Amino acid sequence: MATAAAISHSKLLVDFVKYSIVIPAYNESERIVATLDKVLAYIAGESEFAGKTEVLVVNDGSRDNTAEIVKGYAAKYPAVRLIENPGNRGKGYSVRNGMTQAVGDIRLFSDADLSSPISEAPKLFAAIAAGNDVVIGSRWLDSRTQTERQSFFRQLIGRVFNLLLRIFLGVKEKDTQCGFKAFTARAADAIFPRQLIERWGFDPELIYLARRSGFKVAEVPVAWAHDTRSRLHPVRDGFKMGMDVLHVRWNALTGKYSGTLPNKPAERRAVV
């Protein structure tokens, strides 16, 4: 028998959802409470979002009690849903899983640490209202928006990675890696089922696929603060991301992004 929360959420999905917020989460028990509190408080306080927004937390095989915490929120707030990955698959897989199950007309994904505050979302939504299909939150269009900068070494690695993107993929955006991006439903439904990179290097693939599909892409400056607890290792993961760029290029050359859209992932929305 469906729970009251599930029934309430079903009505929300059918009748009211305009915005979807997807939050990938792996071992986030220390941060997810504060994150959900901030997101839900912001939604409730803004008439444009109140009652029109779903929040999908995608648990990427966490070994801590992240899932139990989110289930507690879902029982109290019908807009919150927990999606379970089949084990630890990576941030790219988590974002894809959430985005392909989201139902909003506009779909945003945000890092679980809210390095870009959720209050910055209207900047991305305004760019979509202006006619763009994909909007990228950027730390580098206006570096003055950075309230807590990365180390020089991390910035250097980022610049080298950005150069690789320009050379191999023709991606010219200044900041592809900021975990704060919004998509129209039409763009999300076309791009995410084609996404093949499942770990850290998925962001450039999304932008590449967006431009390849003819969608209008914009980059807007957003407030951002580096979280020293970031799990991204600048050397180890930077190398893997560089290899992912080459994989995207190879996928394009071998026709893996062509043809009909694949079926959506088999994982379904959890009922809690």
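The accessible surface of the protein chain amounts to about 12200 Å², and carbon and sulfur atoms contribute 57% of this area. The model is predicted. Of the 272 residues in the chain, 55% count as buried. The secondary structure consists of 9 helices and 9 strands. Among contacts in the protein chain with a separation of 6 or more, 82% are between residues 24 or more positions apart.

In soluble globular proteins, nonpolar side chains tend to be buried together. The largest nonpolar core in the present model has 37 residues, and the members that touch the most other members are Val 39, Val 55, Leu 108, Leu 124 and Phe 125. Two or more residues are given to this core by each of the elements β1, α2, β2, α3 (66-76), β3 (80-84), β4 (106-110), α5 (121-129) and β7 (180-184). Helix α2 provides the largest share, with 6 residues. A second, separate core comprises 31 residues, including Leu 56, Phe 183, Ala 187 and Val 248.

The surroundings of Val 55 were examined individually. With residues up to four places away in sequence not counted, Val 55 touches Ile 21, Ile 23, Leu 36, Val 39, Leu 40, Ile 43, Ala 79, Val 80 and Arg 81.

Aromatic pairs in the structure number 9. One of them joins Tyr 19 and Phe 49 in an edge-to-face arrangement, with 4.9 Å centre to centre and 75° between the planes. This pair links distant parts of the chain: Tyr 19 lies in strand β1 (residues 19-25) and Phe 49 in the loop between α2 (32-45) and β2 (53-59), 30 residues apart. Tyr 19 counts as buried because its relative accessibility is 5%, under the 20% limit. Phe 49, at 7% relative accessibility, therefore counts as buried as well.

Another pair is formed by Tyr 208 and Tyr 257; it is tilted, with 6.2 Å centre to centre and 55° between the planes. Distant parts of the chain are linked here too, as Tyr 208 belongs to helix α8 (residues 202-212) and Tyr 257 to the segment after α9 (236-253), 49 residues apart. Both Tyr 208 and Tyr 257 are buried.

Ring pairs also link Tyr 19, Tyr 42, Phe 49 and Phe 125 into a cluster.

Key:
Residues numbered from 1 in each chain as written. Predicted model: local features only at pLDDT ≥ 70, side-chain atom pairs only at ≥ 80, totals over all residues. Heavy atoms only, no water. Phe/Tyr/Trp six-rings, centres within 6.5 Å; stacked < 30°, edge-to-face > 60°. Helix = DSSP H or I, 4+ residues; strand = E, 2+ residues; numbered from the N terminus. Buried < 20%, exposed > 50% of the residue type's maximum accessible area, 1.4 Å probe, protein only. Core = buried A, V, L, I, M, F, W, Y, C linked by side-chain atoms within 4.5 Å. Contact = heavy atoms within 4.5 Å. Areas by Shrake-Rupley, 256 points an atom, 1.4 Å probe, with all protein chains shown as cover.
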